[in-house]
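Subject: Structure handover

Dear colleague,

Here is the structure I promised to pass on, with the sequence alongside. My notes on what was found in it follow below.

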Amino acid sequence: YLKIYPYNGNSGQNNYKTDGLVPTMNVQTSSSGGGNLTDLFISEYVEGTSNNKAIEIFNGTSSDIDLTANVYKLEFYFNGANTASTTINLIGTVGAGNVFVIASSSANSTILNVANQTSSAAFFNGNDAVILRKGTAIIDVIGQVGFNPGTEWGSGLISSADNTLRRIESTTQGDTNPNDVFDPSIEWTGNPT
């Protein structure tokens, strides 16, 4: 989506055409639909009531990514643990410029209808860290491994318990440090359950 206005050299003033002739313009975008990012990152975190939980992963690269071949996985670190209690190996492909959703198989139909993969493994709560790995490399983290914040990280709508967090649009890569302090208000917007 874009808007283009002619500029007359006077700051803060737009010129609007009124003569009835419609201007035309051609714009070239990437044919793949992707961008120039280097890897996947977590774009949405759904921590709803009961088992209504999901993670959305965004592919902002210019190529499709095979999750299985590249050994992508999600790890959940419960209650401040230093080792993962749940590991979910991701399967399938994420198209360039698209997202992939992994959800609890016990989630409601609204979540399951958009899921690309489901798992019956134990999912996270608001005080559990989540790591996205490519092989052994950490490419994104929600929370802080080895630290239990109590109920949640953050506060109000921009918190990790009973809310949906979405990455801000200017994000270009994930948080690769599992030990740094996690403040969701820095890179996330908050939405109700």
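**Aromatic pairs**

Phenylalanine 58 is partly exposed, with a relative accessible area of 23%, where buried means under 20%, exposed over 50% and partly exposed in between, using a 1.4 Å probe and the protein chains only. Before going further, please note that this is a predicted model, in which local features need pLDDT of at least 70 and side-chain atom pairs count only at pLDDT 80 or more, while totals for chains, interfaces and linings use all residues. Residues are numbered from 1 along each chain as its sequence is written, and side-chain values use heavy atoms, with hydrogens and water left out.

Across the whole structure, the search finds 6 aromatic pairs; rings of Phe, Tyr and Trp (its six-membered ring) pair if their centres lie within 6.5 Å, and planes under 30 degrees apart count as stacked, over 60 as edge-to-face and the rest as tilted. In one of them, phenylalanine 41 and phenylalanine 58 have ring centres 5.6 Å apart and planes at 65°, so this pair is edge-to-face. The pair links distant parts of the chain, with phenylalanine 41 in strand β1 and phenylalanine 58 in strand β2, 17 residues apart; helices (H or I, at least four residues) and strands (E, at least two) are DSSP runs, numbered from the N terminus. Phenylalanine 41 counts as buried, at 4% relative accessibility.

The rings of phenylalanine 123 and phenylalanine 124 have their centres 5.8 Å apart and their planes at 45°, so that pair is tilted. Phenylalanine 123 is buried with a relative accessible area of 10%, and phenylalanine 124 counts as buried at 0%. Tyr45, Phe76, Phe123 and Phe124 form one aromatic cluster.

An open sheet of 6 strands runs in the order β8-β7-β2-β1-β13-β14, with mixed pairing, where two strands pair if DSSP finds at least two bridges between them. At its edges stand β8 and β14 (188-191), each with a single partner strand, so one side of each is left without a neighbour in the sheet. Within this sheet, β2 and β7 are antiparallel and joined by 5 bridges, with valine 101 in β7 as the bridge partner of glutamate 56. Strand β7 (residues 99-104) has 5 of its 6 residues buried, so it is largely enclosed by the rest of the structure. By contrast in direction, β7 and strand β8 (residues 117-119) run parallel, joined by 3 bridges. β1 pairs with strand β13 (residues 163-167) in the antiparallel sense over 4 bridges, and the bridge partner of tyrosine 45 in β13 is leucine 165.

Another open sheet has 4 strands in the order β5-β4-β9-β10, with antiparallel pairing. Strand β4 (residues 72-77) is joined to β5 by 4 bridges, and glutamate 75 stands opposite threonine 87 in β5.

**The largest pocket**

The largest pocket is lined by 16 residues, of which Glu44, Val46, Ala54, Ile111 and Thr164 lie nearest its centre. On a 1 Å grid over the protein atoms alone, a pocket is an open set of points where a 1.4 Å probe fits, with protein on both sides within 12 Å along at least five of seven lines, and lining residues have an atom within 4 Å of a point. β1 (41-47), β2 (53-58) and α1 (109-112) each supply at least two residues of this lining.

Best wishes
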